[in-house]
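Below are some notes on the two chains and on how they meet. Please read them alongside the coordinates.

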Amino acid sequence: MTSTLALEMLDVEARHDRLLALARVDLTVREGEFVCVLGPTGCGKSTLLDLAAGLKPAHGGQIRCHGKPLLGLNRHASYMFQHDALLPWRTALDNVSLPLQLRGLDKRHANQQAAQWLRRVGLTDVPDHYPHQLSGGMRKRVALAQALIHNASLLLMDEPFAALDAQTRQAMQQLLLELWGERRKSVLFVTHDLDEAITLADRVLVFNAGPASRCIEDIRIPLPRPRDTLSLRKDPESAALYQRLWHALGHLPPTPTNDRG
Amino acid sequence: MSWTTLWLLRAALLLAMLSLWSWLAADDDLAFFVGHPHAVLQQLWRWLSTGNGSLELYWRDHLLTTLNFPGTLYPHLLITLTETILAFLLGLASGLAVGLWLGLTPTLARVLSPFIKAANAVPRVVLAPLLVMWLGLGIASKVALGITLVFFAVFFNVYQGVREVSPALLANVRLLGANRWQLVRIVYLPAALGWVFSSLNTVIGLAFVGVVVGEYLGSTRGIGYLILQAEATFDVNTVLAGIIVLTCCALLFDVLLAGLERRLSAWRQQSDDEPGRR
């Protein structure tokens, strides 16, 4: 049974200094499942992804990736950060081909594949541009191409589109849905945007406000795929889901362990 | 302001300064201190066209070859430029290496930090007598003094550059599969070089200062030596001619390095870099 789980967190705790950021988190992401983590800003959502990526150790509980306990860096994961993590001294093309080059593929082949991926994310004219020459949305596209070309089985995304304007964000969501639909990797996507969670996810995990936040509700999003971000806006079912999530976020029970250490 | 107007104004300003200088120099008493533009030009011309301009190149005690030039200035200029370039390159390389090394080993950096601060606090010029005693009156002592200036400037920039690499960037590249060596090559080195490239101009200036001061304090060759000789005979025109030669060299380096800098840091956000880059 564990073999069908891409990521599994059991009773996980995480602290910043002595402050409890995450308390007793249980979470699973099945193979090919798109899971959104929804919660107010500062509830330890980024910490959750850092734990899943193996960038930080958990202070309690267990994390498994594909059934095996996670020790150190998660080699099955690709991480798309909230802020730019592109190398400013590499061109768009060189940034995208980086994962392949790190794997030892020669530069010519790596660049060929990278150029294909740049096309797939809708960037054909800018392979030789440096990140500072690109707009925020274009940089996100490059980062997405980089994360996808890595072909990791688990994609971790930390509010990747939060800094974009509304139209660009919607375009990026549509692009992500299309590209994800082709390969169906497991995704753990952190957001504080209800619409975004409904649009993208198979399942939404609602977290309460920190400190000591944990998953307080697990809501399935049964909307059929492939989805279209535009028509979902008027869909009555998604409106109902929006209300449900809204209540889940709005009527939070008082946090039981509000100790600040 | 159009390009032509700009240059016309600049030419006018230069002319005004030269006129003021000539006017001051018309008074003989004053000319003793400020020199005379005409005499300075004459001195420059004498340096370039007359006198013994031979330079003997030795390796250890073995005479390799003798270069002959049409004027006194050339061998001195060649010596000073060689010293400057050597100080620049050696200081750059050592600063880069040590900066990277300490940036990547924080424990060592913490142990060494008071020593580094102390070493940097020493006014470098006071080292010159020591260096002359250790390395003699030849070019080695000048290069060494230049290096002590260049090294710390580069070292601090590189160290800072390595320490300030964004954690997200590092995490991303590590997750994409980089090992430690790849991390150095792909992230740390370019980050450090970025800082170095943007300060090449300052750094060559420091090399120049170190070298010329070294020559003032004890030498047998070099532009600093020429200036020192002239100063001993109160020959203000020759001193000024020497200063002009040094200024021209510094400007030349400036232009060359500015071009190099632009090419090497194309990935940086270009700012308006007309005036006052130093």
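1. Chain B contains 12 helices and two strands, where helices (H or I, at least four residues) and strands (E, at least two) are DSSP runs numbered from the N terminus. Its order along the sequence is α-α-α-β-β-α-α-α-α-α-α-α-α-α. The C-alpha trace of chain B spans about 75 × 60 × 35 Å along its principal axes.

2. On conventions, this is a predicted model, in which local features need pLDDT of at least 70 and side-chain atom pairs count only at pLDDT 80 or more, while totals for chains, interfaces and linings use all residues. Residues are numbered from 1 along each chain as its sequence is written, chains are lettered from A and ligands numbered from 1 in the order in which they are written, and side-chain values use heavy atoms, with hydrogens and water left out.

3. In chain A, six strands make an open sheet of mixed pairing, in the order E6-E7-E8-E3-E9-E10; two strands pair if DSSP finds at least two bridges between them. E6 and E10 (215-220) of chain A are at the edges with a single partner strand each, so one side of each has no neighbour in the sheet. From one strand to the next the twist averages 15°.

4. Within this sheet, E3 (residues 34-38) and E8 (residues 186-191) of chain A are parallel and share five bridges. Phe34(A) is opposite Val187(A) in E8(A).

5. Helix H1 (residues 45-53) of chain A packs on the sheet and touches E3, E6, E7 (154-158), E8 and E9 (203-207) of chain A. The direction of H1(A) makes about 155° with that of E7(A); axes are lines fitted to C-alpha atoms, for helices over the stretch in contact, and angles run from 0 to 180 degrees between N-to-C directions. Helix H4 (residues 136-149) of chain A lies across E6 and E7 of chain A, at about 175° to E6(A).

6. At the interface, 21 residues of chain A are in contact (heavy atoms within 4.5 Å) with 19 residues of chain B. The buried area is about 2000 Å², 68% of it from carbon and sulfur atoms; this is the accessible area (1.4 Å probe) that two parts lose on being put together, summed over both. On the chain A side, Trp89(A), Leu102(A) and His132(A) lose the most area to chain B, together 36% of what that side buries.

7. Which charged pairings join the chains? The count between chain A and chain B is zero salt bridges, taking a side-chain nitrogen of Lys or Arg within 4 Å of a carboxyl oxygen of Asp or Glu.
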